[in-house]
Amino acid sequence: MNTVLMNDASTLIDFLKPYLTLDFLLRMAGGLLVILILWILYKLAMKTVSRIPSQKMTPQRMMLIRKFIKYLYYVVLILFVLSLFGIRLSAVWGAAGIAGVAIGFAAQTSVSNLISGVFVLTEGALKVGDTIIVDDITGVVDTVSLLSVRVHTHDNQMVRIPNSTILNSNLINNNYFKQRRITINVSVSYDTDLEKALAVLKQVPARCAHVLCDPEPKVWLNGFGASGIEFVVAGWFYPADFLDAKNELYIEIKKGLDAAGISIPYDKLDVYVKENGNG
């Protein structure tokens, strides 16, 4: 037993001998100093980015810069530590190249999402808190990362949308502009006084608390339908007031038309029964 322990100890000492020299210890001390300096520079860079006012940089771009600094720090740190132990960087790059080819075939989707994420973050087409529509998904943006965008739907389900999908689809951002417009189609019967109906509908937006006066609401004739004459009522609102503005417009349109004695046509079916007289 003692012989085995002595052999193991001797093997360990033989292994450590090349590293127990004054030159190596000085190199390690210098390396630790460089690592400390790198860490200080990394922290200073991250703190500097955090102090940039939000008016000058969006949270998404700030996150992109922070991630870039973080990845750069770790890459430089790993390469420096490898060099301390005499590992040739050319061998590392060669191994990385071979591994990269193998991983590339298995991770094409992730790489695509990563590249798309850079475009999504730098383009500024969306931000946290925006309501977006991508394909058949509607939700409020919770996070924007390099690989995906996470949203929660109006029925509070989390949906992860890959950045490549966002880049290759028609993205609708309901909050990109400060104001939005809603248009409501209104039909009146063919025997209606059109000038009267137009005047009634023009008064509707002013009675809606969440419909803006500037830009000015509009009402216009839009055509002759199958069962009535079509009008369009258009009003502007702030994106956060969408449901309130929509409800108010529908309610006030119905109230205004009822008060003016104007009917809204609806599809109906007239049934005639023919009596068969015998005798």
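V151 sits in strand β3; strands here are DSSP runs of E with at least two residues, helices are runs of H or I with at least four, and both are numbered from the N terminus. V151 counts as buried because its relative accessibility is 1%. Buried means under 20% relative accessible area, exposed means over 50%, and partly exposed lies in between, with a 1.4 Å probe and protein chains only. The model is predicted: local features need pLDDT of at least 70, side-chain atom pairs count only at pLDDT 80 or more, and totals for chains, interfaces and linings use all residues. Residues are numbered from 1 along each chain as its sequence is written, and side-chain values use heavy atoms, leaving out hydrogens and water.

What surrounds V151? Leaving aside residues up to four places away in sequence, V151 touches I132, I137, G139, V140, V141, D142, Q157, M158, V159 and I161. Contact here means heavy atoms within 4.5 Å. I137 is 14 residues from V151 along the chain, and their C-alpha atoms are 9.1 Å apart. Across the strand pair, V151 in β3 stands opposite V141.

Now widen the view to the sheet. Strands of a sheet pair through backbone hydrogen bonds, either parallel or antiparallel. In this model, five strands make an open sheet in the order β4-β3-β2-β1-β5, with antiparallel pairing. Two strands count as paired if DSSP finds at least two bridges between them. At the edges are β4 (158-162) and β5 (171-173), each pairing on one side only. On average, neighbouring strands of this sheet are turned by 40° against each other, direction ignored. The axes behind that angle are lines fitted to C-alpha atoms, for helices over the stretch in contact, and angles run from 0 to 180 degrees between N-to-C directions.

Take the pairs one by one. β1 (residues 131-134) and β2 (residues 137-144) run antiparallel and share four bridges. I132 stands opposite G139 in β2. Two residues separate β1 from β2 in a hairpin, and D135 in its turn has a positive phi of about 55°. β2 and β3 are also antiparallel, joined by four bridges. Their hairpin has three residues between the strands. β3 (residues 148-152) then pairs with β4 in the antiparallel sense over five bridges. There, R150 faces R160 in β4.

K127 counts as partly exposed because its relative accessibility is 38%. Its C-alpha atom is 8.7 Å from that of Y176, 49 residues away along the chain.

Next, the cores. A nonpolar core is a set of buried Ala, Val, Leu, Ile, Met, Phe, Trp, Tyr and Cys residues joined through side-chain atoms within 4.5 Å. The largest has 21 residues, and F231, L249 and I253 have the most contacts inside it. At least two of its residues come from each of β6 (180-188), α7 (194-202), β8 (229-237) and α8 (242-259). L249 touches I182, I184, V204, P205, C208, V211 and V233, not counting residues up to four places away in sequence. Another core, of 14 residues, lies apart from the largest one and includes L64, V120, L126 and L146.

Last, the surface. The lining of the largest pocket includes T131, I133, H154, R180 and F242. β1 and α8 are the elements that give two or more residues to this lining.

Terms used:
1 Å grid on protein atoms, 1.4 Å probe; cavity = no way out; pocket = protein on both sides within 12 Å on 5 of 7 lines; lining within 4 Å.
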